[in-house]
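Visitor: I would like to learn how to read a helix and a chain interface from a model. Could you take me through the steps?

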Amino acid sequence: MNAGKQIGLKEGPATRDAFGKSLTEIGRQNSNLVVVDGDVSNSTRTEEFAKEFPERFFNVGIAESNLVGVASGLATAGKDVLAASFAAFLLCNAYDQIRMSVAFPQANVKLVGSHSGISIGEDGPSQMAIEDIALATSFPNFTVLVPADATSTQAATRAMLEQKGPFYLRTGRPKVPLIYEEGFDFQIGKANKLREGSDLTIIACGLMVAAALEAASDLEQKGINARVLDMHTIKPLDMESIELAARDTGAIVTAEEHLLAGGLGAGVARVIAETYPVPMAFVGIQDRYAESGKPQELLEKYGLTAGHIRLAAEQVIRQKQG
Amino acid sequence: MERQFMNAHKTTKPRSIDELQTISWRLSRQIIEITTKAGSGHPSSSLSAIDILVALYFGGIMTYDSSQPAWPDRDRFILSKGHGAPGLYVTLAEASFFDPKLLPTFRKLGSPLEGHPNMRVLPGVEASTGSLGQGLSIGLGHALAARVDGRNYRVYVMIGDGEADEGQIWEASMAAAKYKVNNLTALLDHNKFQQTGPVSQVMPSLFPVADKWRAFGWFVEEINGHNMEEVVATLKKVQNIKDQPQMIICHTLKGKGLSPFEKDDVNRKHGVPLTEEEAKIAFAELDKQYGRSGGD
């Protein structure tokens, strides 16, 4: 991904790779951890865990509904359970199983959806989860994590598996810039302030965090100081940081690799409306499906670049100035 | 591995066939009582299943301790056809998982006896069900957990014949056979009717049902689900099956052949409680069917 290169961010591993590495490490420490797969372990990166712990790994075939149900049963019987597939198939195919067998009974199941967003590229819209955040956040009792880079994905994986209850972790296919260094402070439900600013706040998640940092750098050239928040936890949202951003900076832009309906922006807008209304703009996928193409081409065509964030920022600054 | 029978409840001791009949008769009456009182619920779908539930919980089949519902070594029963909740509730009350005085609160605001089973609020309920098709997968998860943890418990899952329309049932069926979970027994409450009509019309291609399960790799038995002796004997027999999950196809009557349910011949009064008048007729017929009388 191009985002972040011009501000000196180094390319790191894909978040799915970081997740897979952490999972295996955690598996060595936690013998109660089991993994359920829908025959995509080489894509989701649960493969390494499967090789090392075959007796704790279940490939139930290409059957997401059953995958989620089996995960629920294992969890109810006392196991720490992680169930992984493509985000689109897991959330969309097994939505009711997640509702009924995981969310409602508050089963200790960690769902991991890989291949999120349009940045998967050439495989096209059938494989692209652009609704998954809306679906996952719709469940009562759920925690939803969308980490921005490899380091924070590992932190999120560890933090999630230390907790009981239902989680959804969203990972991506492409390599993304490294934003964090090992040992940084990751707390579920607490946004990370990556840049201070007084003119507006850009609230982003996933690979849009690097784009937000790049946009903030561009805006600085024009004398606009943007605060940047990495909102890695979409549910529960860090309401305190959002309200503070509105009060301190008076304008908000959200950025996400997801449909605008039901995503990060929609959640932030509700918090803003309920606490301290200020002008807002939303960067995300408009009400449409994408297409096949190179990841970078798709991000540009569908409006998910630093440039798009900068334009949105300039718009809210104008609104703010009335 | 031998299970530690810590304070195992007395109901884990087998009852005679005659005693099981008495329990079944009493619980059948209770199913009608609580649904008629609630003015809603699924009595006919509960009555078709009740003899099987009685055999499981009181016929020396399942080992459990109702004073410790979370005992890790307990056998599990999952009612995948969650609308049969009244049958499950009267059984769990009989097994002392909760006070039978709660039964009349069925479907009332604030009661743990919700319209469909909610494991978060009622002891003894092993899975929250009601969205059809999901219980067999959950049961498979429990069965696999027993293997991972080196425990000896068995898992029983009851599914409906209408419920077998759901694709997830067959996903779970394939996966269970793959993992050769011989500690998983499925019970098909084959009462022949679903919500809008006979299974033979709504989904004729469910048949031949026994052949399908055999083709999916299961050990299959076909029995009369109202013949207590046969139900108990078959449940004991399948405990010895190696390397295969087992399906017991239980031929049952939706509404247990009671005339108030037979009147509505489209679906055997699916999801419709009996009126007070109809309940009286049903009670009399139950007394005659079981050769018992005197109510509770």
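Guide: We begin with contact: two residues are in contact if their C-beta atoms, placed from the backbone, lie within 7 Å. Please keep in mind that this is a predicted model.

Visitor: Which residues of α11(B) are buried, and which are exposed?

Guide: A residue counts as buried if 20 or more other C-beta atoms lie within 10 Å of its own, and as exposed if 12 or fewer do. In α11(B), Glu278(B), Ala279(B), Ala282(B) and Leu286(B) are buried. They cover an arc of only 95 degrees around the axis, so they lie on the same side of α11(B). Glu277(B) and Lys288(B), on the other side of α11(B), are exposed.

Visitor: What do the buried residues of α11(B) pack against?

Guide: Their partners are α1 (17-38) and α10 (259-262) of chain B. Just after α11(B) comes Gly291(B), which takes a positive phi of about 65 degrees.

Visitor: How many residues of chain A are in contact with chain B?

Guide: There are 26 residues of chain A in contact with 21 residues of chain B. On the side of chain A that touches chain B, α4 (64-76) and α6 (95-103) of chain A each supply at least two residues, and α4(A) gives the most, with nine residues. By class, that side of chain A has eleven nonpolar, eleven polar and four charged residues.

Definitions and conventions: Residues are numbered from 1 along each chain as its sequence is written. Chains are lettered from A and ligands numbered from 1 in the order in which they are written. This is a predicted model: local features need pLDDT of at least 70, side-chain atom pairs count only at pLDDT 80 or more; totals for chains, interfaces and linings use all residues. Helices (H or I, at least four residues) and strands (E, at least two) are DSSP runs, numbered from the N terminus. The arc is that of the directions from the helix axis to the C-beta atoms. Ala, Val, Leu, Ile, Met, Phe, Trp, Tyr, Cys and Pro count as nonpolar, Asp, Glu, Lys and Arg as charged, and the others, Gly among them, as polar.
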